[in-house]
Amino acid sequence: MGAKIFPGQRLDTVIASIPIQELWHMQRVGELTNELLRLMVQYASYQNHVDKLSRFNHYGFFHDIGKAWIPVEILKKSDLLTPEEYKKVKMHPVYAKEYFEKNPDVIDIEPSIKSLLFDAAVYHHERWDGGGYPYNLSGDNIPLIARVVAVCDAYDAITTKRPYREAKPHKEACREIKTNAGTQFDPDIAAIFLENEKGFRVVHRRQSLRMMNEEVGIKELFDSGCYL
Ligand SMILES: [Fe+2]
Ligand SMILES: [Fe+2]
């Protein structure tokens with residue numbers, strides 16, 4: 001869709017400009033996020049957030065909405081990205097921020113949930129240790145929802161086939177989450193994921209079966225109710 005972001009830009013047009021493989025990833029991360037939030041609200045440490053978190057639902061889908069403004073040829077590239085291309089990809093949280101700032105009413109949901117959705121899209125590549133992008137936030141300064149999406153986003157990236165490597169199994173993804181807890185990931189959230197890893201394996205299996213049906217197109221994706 002090019003790099004132009006303007007007021008009045010329709011959400012369905014924005015989504016339709018994102019390659020289907022990316023939309024499937026967004027859908028899977030939305031489902032994984034939903035599962036992780038469902039578990040988190042059962043823990044005492046998140047009781048203050050129960051109300052908001054339990055109503056977030058599948059809105060993790062929108063975390064990569066900013067990819068609509070990354071050139072499609074980069075998103076679809078079957079080789080490793082060059083440093084220059086990677087720099088462009090890393091702009092997607094910034095584009096999401098600009099889009100939502102110019103179009104604050106594009107999603108008709110209650111404001112508290114909407115602000116979580118925006119935070120997920122803007123901050124999901126921040127790292128617990130401050131080494132992420134685009135704002136180098138660290139620890140609790142990263143919005144909670146973005147720390148949740150970060151774990152689910154990584155899990156999906158690890159377990160998905162890349163042009164330059166095979167998909168890694170669930171077990172391997174759990175190992176990587178464990179290794180990176182406290183550096184890349186919020187250690188408490190990573191711990192909840194790992195304590196309940198069997199549930200995520202079930203979600204992953206269900207998703208893998210669905211993905212074997214390559215016929216799933218954009219219409220089915222919309223109809224599945226993963227987003228508004
Ligand atoms: Fe992302
Ligand atoms: Fe993502």
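**View 1. Contacts of Lys-88 in a predicted model.** Leaving aside neighbours within four places in sequence, Lys-88 touches Ile-70, Pro-71 and Ile-74; contact means C-beta atoms, placed from the backbone, within 7 Å. Lys-88 sits in helix H5 (residues 83–89). Helices are DSSP runs of H or I, at least four residues, numbered from the N terminus. Lys-88 is partly exposed, because 16 other C-beta atoms lie within 10 Å. The cut-offs: buried is 20 or more other C-beta atoms within 10 Å, exposed is 12 or fewer, partly exposed is in between. Ala-16 is 72 residues from Lys-88 in sequence and 20 Å away in space, C-alpha to C-alpha.

This is a predicted model: local features need pLDDT of at least 70, side-chain atom pairs count only at pLDDT 80 or more, and totals for chains, interfaces and linings use all residues. Residues are numbered from 1 along each chain as its sequence is written, with chains lettered from A and ligands numbered from 1 in the order written.

**View 2. The two faces of helix H9 (residues 170–179).** His-170, Ala-173 and Ile-177 are buried. They cover an arc of only 60° around the axis, so they lie on the same side of H9; the arc is that of directions from the helix axis to the C-beta atoms. The face turned away carries exposed Lys-171, Glu-172 and Thr-179. The buried residues pack against helices H8 (144–159), H10 (187–195) and H11 (197–212).

**View 3. Helix H6 (residues 92–102) against helix H7 (residues 111–123).** Their axes come within 7 Å and cross at roughly 150°. That makes H6 roughly antiparallel to H7, a term for angles over 145 degrees. Pro-93, Ala-96, Lys-97 and Phe-100 in H6 meet Phe-118, Ala-121, Val-122 and Tyr-123 in H7.

Notes. Contact = placed C-beta atoms within 7 Å. Axes fitted to C-alpha atoms, helices over the stretch in contact; angles between N-to-C directions. Parallel < 35°, antiparallel > 145°, perpendicular 65-115°, else oblique.
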